[in-house]
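I opened a new page today and wanted a first look at this protein. My notes follow in the order I looked things up.

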Amino acid sequence: MTDDEFQRKIDFILEHQARLTVNQERAEERLAGVDERVSRLETAMRELAETQTRMWDVQERMLKAQTHMTEVVAVMADAQRRTDARLNALIGVVERHIGHNHNDHPESK
């Protein structure tokens, strides 16, 4: 091998090594950016999980409140039916009383 050939091989190796070094530096920079993004994603995922847990708690409370309201409405509807029945009975008594008084006084007709 001549000195010229040897020098070309050395130059090739040095050039290749320089390119590898530049590529490695770029890869390290990209990796640092990826590490930062992964860190932000981990934070976002943790916050999302905490928010989801709070949402489940809120939904559970809302379900309990809705169940309670359904029970209250059922009680109120039952009370309304009893009130209607009592009012109808009172109306019947009043109508019989008025009708009875009208029957006693034929001149009022």
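Before listing any charge pairs, I wrote down what counts: a salt bridge is a side-chain nitrogen of Lys or Arg within 4 Å of a carboxyl oxygen of Asp or Glu. I also noted that I'm working with a predicted model.

**Entry 1: overall form**

I looked up the secondary structure and got one helix and zero strands. The radius of gyration is 45 Å, well over the 13 Å the globule rule gives for 109 residues, so the protein is more spread out than a compact globule. The C-alpha trace spans about 150 × 25 × 15 Å along its principal axes.

**Entry 2: surface**

How much of the protein is made up of buried residues? I got 1% of the 109 residues. The accessible surface comes to about 10,100 Å², and carbon and sulfur atoms hold 60% of it.

One of about 480 Å² is made by Leu87, Leu90, Ile91, Val93, Val94 and Ile98. I checked Val93 from that group: it sits in helix α1, which covers residues 3-104, and it counts as partly exposed at 44% relative accessibility.

Asn101 is in helix α1 too, and its relative accessible area of 31% makes it partly exposed. From Asn101 to Leu90 I have eleven residues in sequence and 16 Å in space, C-alpha to C-alpha.

**Entry 3: charges**

I have 16 positive and 21 negative side chains, with the centres of the two sets 8 Å apart. How many salt bridges are there? The count comes to six.

- Glu60 and Lys64 pair up at 3.5 Å, N to O. Both are in helix α1, four residues apart, about one turn of the helix. Glu60 is partly exposed at 44%, while Lys64 is exposed at 53%.
- Arg8 and Asp4 meet at 3.7 Å, N to O. They're four residues apart in helix α1, so about one helical turn separates them. Asp4 counts as exposed, with 52% relative accessibility.
- Arg19 bridges to Glu15, with the closest N and O atoms 3.2 Å apart. Arg19 is partly exposed at 44%, and Glu15 is partly exposed at 47%.
- Asp78, Arg81 and Arg82 are linked in a network of salt bridges.

Key:
Residues numbered from 1 in each chain as written. Predicted model: local features only at pLDDT ≥ 70, side-chain atom pairs only at ≥ 80, totals over all residues. Heavy atoms only, no water. Helix = DSSP H or I, 4+ residues; strand = E, 2+ residues; numbered from the N terminus. Rg over C-alpha atoms; globule rule 2.2 N^0.38 Å. Buried < 20%, exposed > 50% of the residue type's maximum accessible area, 1.4 Å probe, protein only. Areas by Shrake-Rupley, 256 points an atom, 1.4 Å probe, with all protein chains shown as cover. Lys, Arg positive; Asp, Glu negative; His and termini not counted. Charge placed at Lys NZ, Arg CZ, Asp CG, Glu CD. Patch = residues over 30% accessible without salt bridge, like charges linked within 9 Å, V, L, I, M, F, W, Y side chains within 5 Å.
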